[in-house]
Amino acid sequence: MRIINTEAVTEITDQLTEAAVTEIDVVGVIAEKAEETVSIYTRLSAMFGEKLPNIVFAVISFVIGFIITKIVLKIISRMSGKSKLDKTANGFLHSFVSAILYSIVIIISLNVLGVPMASILTVIGAAGLALSLALQQCLSNVAGGFLILITKPFKAGDFIEINGVTGEVEGISILYTKLLTPDNKLSYIPNGSAANERIINYTVTRTRRLDLVFSVSYESDFRKAIEVINGVIENNKMALKKPEPIVRLTAHGKSSLDIDCKVWVKSSDYFSLKYDLMEQVKDAFDENGIEIPYTKIDVNMKNKGE
(Lines give C-alpha, C1' and ligand atoms only; values in the text may rest on other atoms or scores of the structure.)
Protein backbone atom coordinates (compact mmCIF):
# COMPACT_ATOMS: atom_id res chain seq x y z
CA MET A 1 0.00 0.00 0.00
CA ARG A 2 1.42 3.37 -1.12
CA ILE A 3 1.58 6.39 1.15
CA ILE A 4 0.68 9.68 -0.68
CA ASN A 5 2.54 12.77 0.38
CA THR A 6 -0.23 15.40 0.49
CA GLU A 7 2.17 18.29 0.99
CA ALA A 8 4.03 17.48 -2.23
CA VAL A 9 0.79 17.19 -4.13
CA THR A 10 -0.36 20.54 -2.78
CA GLU A 11 2.90 22.22 -3.74
CA ILE A 12 2.76 20.85 -7.30
CA THR A 13 -0.85 21.96 -7.63
CA ASP A 14 0.03 25.49 -6.50
CA GLN A 15 2.87 25.70 -9.03
CA LEU A 16 0.65 24.55 -11.87
CA THR A 17 -2.01 27.05 -10.89
CA GLU A 18 0.53 29.88 -10.73
CA ALA A 19 1.93 28.96 -14.16
CA ALA A 20 -1.55 28.88 -15.65
CA VAL A 21 -2.34 32.29 -14.19
CA THR A 22 0.93 33.70 -15.59
CA GLU A 23 0.15 32.34 -19.05
CA ILE A 24 -3.30 33.87 -18.88
CA ASP A 25 -1.77 37.25 -17.93
CA VAL A 26 0.70 37.06 -20.83
CA VAL A 27 -2.08 36.23 -23.24
CA GLY A 28 -4.08 39.16 -21.92
CA VAL A 29 -1.16 41.59 -22.40
CA ILE A 30 -0.60 40.32 -25.94
CA ALA A 31 -4.27 40.74 -26.68
CA GLU A 32 -4.21 44.31 -25.35
CA LYS A 33 -1.14 45.18 -27.46
CA ALA A 34 -2.76 43.64 -30.50
CA GLU A 35 -5.86 45.72 -29.92
CA GLU A 36 -3.77 48.89 -29.57
CA THR A 37 -1.85 48.06 -32.78
CA VAL A 38 -5.06 47.44 -34.67
CA SER A 39 -6.49 50.68 -33.30
CA ILE A 40 -3.41 52.70 -34.41
CA TYR A 41 -3.45 51.06 -37.83
CA THR A 42 -7.16 51.78 -38.15
CA ARG A 43 -6.69 55.44 -37.25
CA LEU A 44 -3.75 55.81 -39.67
CA SER A 45 -5.76 54.14 -42.41
CA ALA A 46 -8.68 56.43 -41.75
CA MET A 47 -6.42 59.51 -41.66
CA PHE A 48 -4.64 58.46 -44.85
CA GLY A 49 -7.99 57.76 -46.48
CA GLU A 50 -9.18 61.25 -45.53
CA LYS A 51 -5.95 62.96 -46.71
CA LEU A 52 -5.45 60.83 -49.83
CA PRO A 53 -7.57 63.07 -52.09
CA ASN A 54 -5.67 66.15 -50.83
CA ILE A 55 -2.32 64.45 -51.42
CA VAL A 56 -3.33 63.42 -54.93
CA PHE A 57 -4.64 66.90 -55.77
CA ALA A 58 -1.51 68.49 -54.28
CA VAL A 59 0.76 66.31 -56.45
CA ILE A 60 -1.38 67.05 -59.51
CA SER A 61 -1.29 70.79 -58.72
CA PHE A 62 2.50 70.70 -58.36
CA VAL A 63 2.97 68.85 -61.67
CA ILE A 64 0.57 71.17 -63.51
CA GLY A 65 2.18 74.24 -61.94
CA PHE A 66 5.63 72.97 -62.90
CA ILE A 67 4.54 72.47 -66.52
CA ILE A 68 2.81 75.87 -66.67
CA THR A 69 5.93 77.53 -65.22
CA LYS A 70 8.09 75.95 -67.93
CA ILE A 71 5.68 77.16 -70.62
CA VAL A 72 5.55 80.69 -69.17
CA LEU A 73 9.35 80.88 -68.99
CA LYS A 74 9.63 79.78 -72.63
CA ILE A 75 7.09 82.43 -73.66
CA ILE A 76 8.98 85.10 -71.69
CA SER A 77 12.26 84.02 -73.31
CA ARG A 78 10.75 84.27 -76.79
CA MET A 79 9.14 87.65 -76.09
CA SER A 80 12.28 89.09 -74.54
CA GLY A 81 14.30 87.74 -77.48
CA LYS A 82 12.10 89.71 -79.87
CA SER A 83 12.12 92.82 -77.67
CA LYS A 84 14.83 95.46 -77.38
CA LEU A 85 16.17 94.03 -74.11
CA ASP A 86 19.75 92.87 -74.38
CA LYS A 87 20.92 89.38 -73.49
CA THR A 88 22.17 90.56 -70.10
CA ALA A 89 18.69 91.65 -68.97
CA ASN A 90 17.12 88.52 -70.47
CA GLY A 91 19.28 86.19 -68.38
CA PHE A 92 18.68 88.08 -65.15
CA LEU A 93 14.90 88.40 -65.66
CA HIS A 94 14.63 84.71 -66.57
CA SER A 95 16.36 83.70 -63.32
CA PHE A 96 14.31 86.11 -61.21
CA VAL A 97 10.91 85.21 -62.72
CA SER A 98 11.61 81.48 -62.51
CA ALA A 99 12.39 81.77 -58.78
CA ILE A 100 9.10 83.62 -58.16
CA LEU A 101 6.97 81.22 -60.24
CA TYR A 102 8.40 78.10 -58.59
CA SER A 103 7.76 79.63 -55.16
CA ILE A 104 4.12 80.28 -56.10
CA VAL A 105 3.72 76.67 -57.30
CA ILE A 106 5.03 75.32 -53.97
CA ILE A 107 2.73 77.60 -51.96
CA ILE A 108 -0.34 76.55 -54.00
CA SER A 109 0.55 72.85 -53.60
CA LEU A 110 0.86 73.20 -49.83
CA ASN A 111 -2.49 75.01 -49.68
CA VAL A 112 -4.17 72.23 -51.68
CA LEU A 113 -2.59 69.70 -49.33
CA GLY A 114 -4.56 71.30 -46.52
CA VAL A 115 -1.95 73.52 -44.92
CA PRO A 116 -3.69 76.79 -43.91
CA MET A 117 -2.60 79.80 -45.93
CA ALA A 118 -2.11 81.81 -42.73
CA SER A 119 0.37 79.21 -41.49
CA ILE A 120 2.18 79.22 -44.85
CA LEU A 121 2.48 83.00 -44.83
CA THR A 122 3.67 82.95 -41.20
CA VAL A 123 6.34 80.37 -42.00
CA ILE A 124 7.38 82.27 -45.13
CA GLY A 125 7.62 85.51 -43.12
CA ALA A 126 9.72 83.89 -40.39
CA ALA A 127 11.88 82.08 -42.94
CA GLY A 128 12.26 85.28 -44.94
CA LEU A 129 13.44 87.16 -41.86
CA ALA A 130 15.90 84.41 -40.95
CA LEU A 131 17.17 84.14 -44.49
CA SER A 132 17.51 87.91 -44.84
CA LEU A 133 19.76 87.92 -41.78
CA ALA A 134 21.73 84.84 -42.80
CA LEU A 135 21.96 85.59 -46.51
CA GLN A 136 22.65 89.31 -46.55
CA GLN A 137 25.36 88.85 -49.17
CA CYS A 138 22.97 86.98 -51.49
CA LEU A 139 20.37 89.73 -51.15
CA SER A 140 23.11 92.25 -51.88
CA ASN A 141 23.92 90.32 -55.06
CA VAL A 142 20.25 90.37 -56.13
CA ALA A 143 20.06 94.13 -55.52
CA GLY A 144 23.36 94.56 -57.37
CA GLY A 145 21.90 92.72 -60.35
CA PHE A 146 18.98 95.16 -60.47
CA LEU A 147 21.38 98.13 -60.27
CA ILE A 148 23.42 96.77 -63.16
CA LEU A 149 20.30 96.32 -65.28
CA ILE A 150 19.09 99.84 -64.47
CA THR A 151 22.39 101.71 -64.88
CA LYS A 152 23.67 99.46 -67.74
CA PRO A 153 27.44 99.92 -67.30
CA PHE A 154 27.89 96.93 -69.62
CA LYS A 155 25.92 94.42 -71.67
CA ALA A 156 26.39 90.90 -72.94
CA GLY A 157 29.30 90.70 -75.37
CA ASP A 158 31.22 93.67 -73.91
CA PHE A 159 34.85 93.23 -72.92
CA ILE A 160 35.16 94.65 -69.40
CA GLU A 161 37.29 94.68 -66.28
CA ILE A 162 35.79 94.25 -62.79
CA ASN A 163 37.99 94.28 -59.71
CA GLY A 164 41.05 93.24 -61.71
CA VAL A 165 39.27 90.48 -63.68
CA THR A 166 38.94 91.06 -67.43
CA GLY A 167 36.76 89.16 -69.85
CA GLU A 168 33.77 89.15 -72.16
CA VAL A 169 30.36 89.36 -70.49
CA GLU A 170 28.51 86.07 -70.98
CA GLY A 171 25.43 87.15 -69.03
CA ILE A 172 23.99 88.10 -65.65
CA SER A 173 22.15 85.60 -63.45
CA ILE A 174 20.22 86.44 -60.30
CA LEU A 175 23.41 86.30 -58.19
CA TYR A 176 26.46 86.43 -60.48
CA THR A 177 27.88 88.14 -63.54
CA LYS A 178 29.68 85.66 -65.81
CA LEU A 179 32.89 86.72 -67.57
CA LEU A 180 34.72 84.65 -70.16
CA THR A 181 38.41 85.52 -69.72
CA PRO A 182 40.84 85.70 -72.68
CA ASP A 183 42.37 82.35 -71.63
CA ASN A 184 38.90 80.73 -71.87
CA LYS A 185 38.05 80.60 -68.17
CA LEU A 186 34.53 81.36 -66.93
CA SER A 187 34.74 83.74 -63.97
CA TYR A 188 31.72 84.39 -61.74
CA ILE A 189 31.65 87.88 -60.20
CA PRO A 190 29.05 88.47 -57.44
CA ASN A 191 26.58 91.14 -58.58
CA GLY A 192 27.03 93.02 -55.30
CA SER A 193 30.76 93.36 -55.94
CA ALA A 194 30.19 94.20 -59.61
CA ALA A 195 27.83 97.04 -58.67
CA ASN A 196 30.22 98.51 -56.07
CA GLU A 197 33.62 97.98 -57.72
CA ARG A 198 35.21 100.02 -60.47
CA ILE A 199 34.07 98.81 -63.88
CA ILE A 200 36.12 99.44 -67.02
CA ASN A 201 34.26 98.85 -70.28
CA TYR A 202 36.70 98.46 -73.17
CA THR A 203 34.13 98.00 -75.95
CA VAL A 204 31.50 100.62 -75.16
CA THR A 205 33.26 103.00 -77.58
CA ARG A 206 34.40 102.24 -81.13
CA THR A 207 37.99 103.41 -80.66
CA ARG A 208 40.64 103.12 -77.95
CA ARG A 209 44.04 104.68 -77.40
CA LEU A 210 46.97 102.32 -77.29
CA ASP A 211 49.70 103.53 -74.93
CA LEU A 212 53.18 102.06 -75.29
CA VAL A 213 56.63 103.06 -74.02
CA PHE A 214 59.79 102.31 -76.00
CA SER A 215 63.18 102.69 -74.33
CA VAL A 216 66.47 103.50 -76.08
CA SER A 217 70.00 103.81 -74.71
CA TYR A 218 71.62 107.16 -74.00
CA GLU A 219 74.13 106.44 -76.77
CA SER A 220 71.34 106.30 -79.37
CA ASP A 221 69.76 109.31 -81.10
CA PHE A 222 66.30 109.59 -79.53
CA ARG A 223 65.12 111.89 -82.34
CA LYS A 224 66.02 109.20 -84.84
CA ALA A 225 64.12 106.68 -82.69
CA ILE A 226 61.03 108.92 -82.69
CA GLU A 227 61.24 109.19 -86.47
CA VAL A 228 61.49 105.41 -86.82
CA ILE A 229 58.49 104.83 -84.54
CA ASN A 230 56.42 107.35 -86.51
CA GLY A 231 57.35 105.54 -89.71
CA VAL A 232 56.18 102.20 -88.32
CA ILE A 233 52.86 103.74 -87.22
CA GLU A 234 52.39 105.39 -90.61
CA ASN A 235 52.79 102.07 -92.43
CA ASN A 236 50.37 100.13 -90.20
CA LYS A 237 46.81 100.22 -91.55
CA MET A 238 45.25 99.49 -88.14
CA ALA A 239 46.72 102.68 -86.61
CA LEU A 240 44.24 105.56 -87.00
CA LYS A 241 45.63 108.81 -88.36
CA LYS A 242 42.98 110.91 -86.60
CA PRO A 243 43.38 111.72 -83.79
CA GLU A 244 47.03 112.15 -84.66
CA PRO A 245 49.46 109.74 -82.93
CA ILE A 246 51.72 111.17 -80.24
CA VAL A 247 55.36 110.01 -80.10
CA ARG A 248 57.49 112.07 -77.68
CA LEU A 249 60.34 111.65 -75.21
CA THR A 250 58.72 111.18 -71.78
CA ALA A 251 61.45 110.35 -69.24
CA HIS A 252 65.20 110.22 -68.57
CA GLY A 253 65.57 106.85 -66.88
CA LYS A 254 68.55 105.49 -64.96
CA SER A 255 69.83 103.65 -67.98
CA SER A 256 67.49 104.60 -70.81
CA LEU A 257 65.53 107.31 -72.56
CA ASP A 258 61.79 106.48 -72.54
CA ILE A 259 59.61 107.43 -75.51
CA ASP A 260 55.82 107.58 -75.19
CA CYS A 261 53.81 106.19 -78.09
CA LYS A 262 50.07 106.96 -78.04
CA VAL A 263 48.08 105.67 -81.01
CA TRP A 264 44.33 105.51 -81.59
CA VAL A 265 42.89 102.26 -82.89
CA LYS A 266 39.55 100.53 -83.34
CA SER A 267 38.57 98.61 -80.22
CA SER A 268 38.46 95.37 -82.18
CA ASP A 269 42.06 95.90 -83.41
CA TYR A 270 43.57 96.93 -80.06
CA PHE A 271 45.61 93.83 -79.26
CA SER A 272 46.55 93.16 -82.87
CA LEU A 273 48.05 96.64 -83.22
CA LYS A 274 49.82 96.32 -79.87
CA TYR A 275 51.64 93.16 -80.89
CA ASP A 276 52.39 94.56 -84.37
CA LEU A 277 54.03 97.71 -83.01
CA MET A 278 56.08 95.82 -80.43
CA GLU A 279 57.50 93.54 -83.13
CA GLN A 280 57.84 96.07 -85.95
CA VAL A 281 59.49 98.77 -83.81
CA LYS A 282 62.07 96.24 -82.59
CA ASP A 283 62.89 95.27 -86.18
CA ALA A 284 63.07 98.93 -87.23
CA PHE A 285 65.42 99.78 -84.34
CA ASP A 286 67.75 96.94 -85.35
CA GLU A 287 67.78 98.10 -88.97
CA ASN A 288 68.62 101.70 -87.97
CA GLY A 289 71.23 100.85 -85.35
CA ILE A 290 69.17 102.09 -82.42
CA GLU A 291 70.12 100.28 -79.27
CA ILE A 292 67.54 99.07 -76.76
CA PRO A 293 69.11 99.28 -73.27
CA TYR A 294 69.86 96.19 -71.25
CA THR A 295 71.84 95.46 -68.13
CA LYS A 296 75.61 95.61 -68.66
CA ILE A 297 78.47 94.68 -66.36
CA ASP A 298 81.95 96.19 -66.85
CA VAL A 299 84.72 93.91 -65.61
CA ASN A 300 88.25 95.34 -65.16
CA MET A 301 91.10 92.83 -64.77
CA LYS A 302 94.55 93.70 -63.46
CA ASN A 303 97.80 91.75 -63.80
CA LYS A 304 99.49 90.59 -60.61
CA GLY A 305 102.73 92.34 -61.54
CA GLU A 306 101.09 95.75 -61.85
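Biologist: Asn201 first: buried or exposed?

Modeller: Asn201 counts as buried because its relative accessibility is 16%, and the cut-off for buried is under 20%. Keep in mind that this is a predicted model.

Biologist: Where does Asn201 sit?

Modeller: Asn201 lies in strand S5, which covers residues 199-201.

Biologist: And what does the side chain of Asn201 reach?

Modeller: The backbone oxygen of Pro153, at 3.1 Å. A polar atom of the Asn201 side chain also lies 3.0 Å from the backbone nitrogen of Thr203.

Biologist: Which residues is Asn201 in contact with, leaving aside neighbours within four places in sequence?

Modeller: Pro153, Phe154, Asp158, Phe159 and Ile160.

Biologist: OK, cores. Which residues of the largest nonpolar core touch the most other members?

Modeller: Ile229, Ile233, Cys261, Leu277 and Phe285, out of 24 residues in that core. The elements giving two or more residues to this core are strands S6 (207-216) and S8 (257-266), plus helices H6 (222-235) and H7 (270-287).

Biologist: Take Ile229. What is Ile229 in contact with, sequence neighbours within four places aside?

Modeller: Phe214, Val247, Ile259, Cys261, Val281 and Phe285. Cys261 and Phe285 are themselves listed with Ile229 among the core residues that touch the most other members.

Biologist: What does the second core include?

Modeller: That one is separate and has nine residues, among them Ile162, Val169, Ile189 and Ala194.

Biologist: Switching to charges. How many salt bridges does a search of the whole structure find?

Modeller: Six. Side chains of opposite charge can pair when their charged atoms come close. In one of the bridges, Lys262 meets Asp211 at 3.9 Å, N to O. That pair links distant parts of the chain, with Lys262 in strand S8 and Asp211 in strand S6, 51 residues apart.

Biologist: Which other salt bridge does Lys262 make at 3.9 Å?

Modeller: One with Asp260, N to O. Lys262 and Asp260 are both buried, whereas Asp211 is partly exposed at 39% relative accessible area.

Biologist: Which residues do the shared partners join into one network?

Modeller: Arg209, Asp211, Asp260 and Lys262.

Biologist: What about Lys185 and Asp183, how do their side chains meet?

Modeller: In a salt bridge at 3.7 Å, N to O. Lys185 is exposed because its relative accessible area is 53%, and the cut-off for exposed is over 50%. Asp183, at 49%, is partly exposed.

Biologist: Which helix gives the largest share?

Modeller: H1, with nine residues. Phe62 is found in that helix and is partly exposed, at 40% relative accessible area.

Biologist: Last, the whole protein. How many helices and strands are there?

Modeller: Seven helices and eight strands. The protein has 306 residues, and buried ones make up 24% of them. Its accessible surface comes to about 21,700 Å², with 61% belonging to carbon and sulfur atoms.

Biologist: And what share of contacts between residues at least 6 apart in sequence joins residues at least 24 apart?

Modeller: 63% of them.

Definitions and conventions: Residues are numbered from 1 along each chain as its sequence is written. This is a predicted model: local features need pLDDT of at least 70, side-chain atom pairs count only at pLDDT 80 or more; totals for chains, interfaces and linings use all residues. Side-chain values use heavy atoms; hydrogens and water are left out. Helices (H or I, at least four residues) and strands (E, at least two) are DSSP runs, numbered from the N terminus. Buried means under 20% relative accessible area, exposed over 50%, partly exposed in between (1.4 Å probe, protein chains only). A polar contact is a pair of N or O atoms within 3.5 Å; within protein, one must be able to donate a hydrogen and the other to accept it, and residues adjacent in sequence count only if both atoms are side-chain atoms. Contact means heavy atoms within 4.5 Å. A nonpolar core is a set of buried Ala, Val, Leu, Ile, Met, Phe, Trp, Tyr and Cys residues joined through side-chain atoms within 4.5 Å. Accessible areas come from the Shrake-Rupley method with a 1.4 Å probe; for residues, only the protein chains shown count as cover. A salt bridge is a side-chain nitrogen of Lys or Arg within 4 Å of a carboxyl oxygen of Asp or Glu.
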